[in-house]
Amino acid sequence: VVLAQTGKRVLLIDADMRKGHLNRLLGSERGLGLSEYIAGHASLAEVVKRLDPCDLDFVGTGTRPPNPSELLMHDRLSELLHWASETHDFVIVDAPPILAVTDAAVIARHAGAALMVVRAGAHPMGEIEESVKRMRQSGAPVRGFVMNGLDTRPGYGYRYGYQYGYRYVYKYGADGSSKS
């Protein structure tokens, strides 16, 4: 929404066809969506919705299919993403967790960059490492992380803010001379 409000053309796709709920968060009806488009039962014009006042284009999950992973392997997904990258400045695809199902790995193969969303304090480092490993094995390495659920209240163990700083480190050589 923030990107769209800066004047960029943004398409958000809810590709979590098992538990997707972005339509509710955005105040949109489920209606026709990604599953109908990939199955060939709907056109782009029918599934891409313009959400006002946030100036965002949105494709919901549509009807929950019995075979989401298989459906996502269809060529029509790559056609949709190719069209989207030609017509939008940013295309954001929300996928289910990589450790739960293979959908994220299938989708990420078509993406320019894969970002992993991690809830603060909810995931052991082993889970995060395994998730990154699975993405890498699928041919779509993780390019970065988005941390959500961060408690920013003082005294809760996490701090948030912007600051700049410089630090100089002096090292001494074998002869005792300093180097910076």
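What you're looking at is a predicted model, where local features need pLDDT of at least 70, side-chain atom pairs count only at pLDDT 80 or more, and totals for chains, interfaces and linings use all residues. Residues are numbered from 1 along each chain as its sequence is written, and side-chain values use heavy atoms, with hydrogens and water left out.

**The chain overall**
- Of the 180 residues, 35% count as buried (under 20% relative accessible area; exposed is over 50% and partly exposed in between, with a 1.4 Å probe and protein chains only).
- Take the contacts (heavy atoms within 4.5 Å) with a separation of 6 or more: 68% of them come from residues 24 or more positions apart.

**The nonpolar cores**
- A nonpolar core is a set of buried Ala, Val, Leu, Ile, Met, Phe, Trp, Tyr and Cys residues joined through side-chain atoms within 4.5 Å.
- The largest one has 18 residues, and Ile13, Leu34, Ile38, Val59, Leu72 and Leu77 touch the most other members.
- Setting aside neighbours within four places in sequence, Leu72 is in contact with Ala15, Met17, Leu34, Ile38, Leu77, Asp103, Val106 and Ile107.
- There's also a second, separate core of 12 residues, including Val118, Ile128, Met135 and Val142.

**Salt bridges**
- The whole structure has five salt bridges, meaning a side-chain nitrogen of Lys or Arg within 4 Å of a carboxyl oxygen of Asp or Glu.
- Asp103 pairs up with Arg18, their closest N and O atoms 2.3 Å apart.
- That pair ties together distant parts of the chain, 85 residues apart: Asp103 sits in H7, and Arg18 in the loop between E1 and helix H2 (22-25).
- Asp103 is buried at 0% relative accessible area, while Arg18 is partly exposed at 33%.
- Asp57 and Arg50 meet at 3.1 Å, N to O; Asp57 is buried at 5%, and Arg50 is partly exposed at 43%.
- Glu130 and Arg134 form another, with closest N and O atoms 3.1 Å apart, and these two lie about one helical turn apart because they are four residues apart in helix H8 (residues 125-137).
- Glu130 is partly exposed at 27%, as is Arg134 at 33%.
- Salt bridges with shared partners join Arg9, Arg50, Asp55 and Asp57 into one network.
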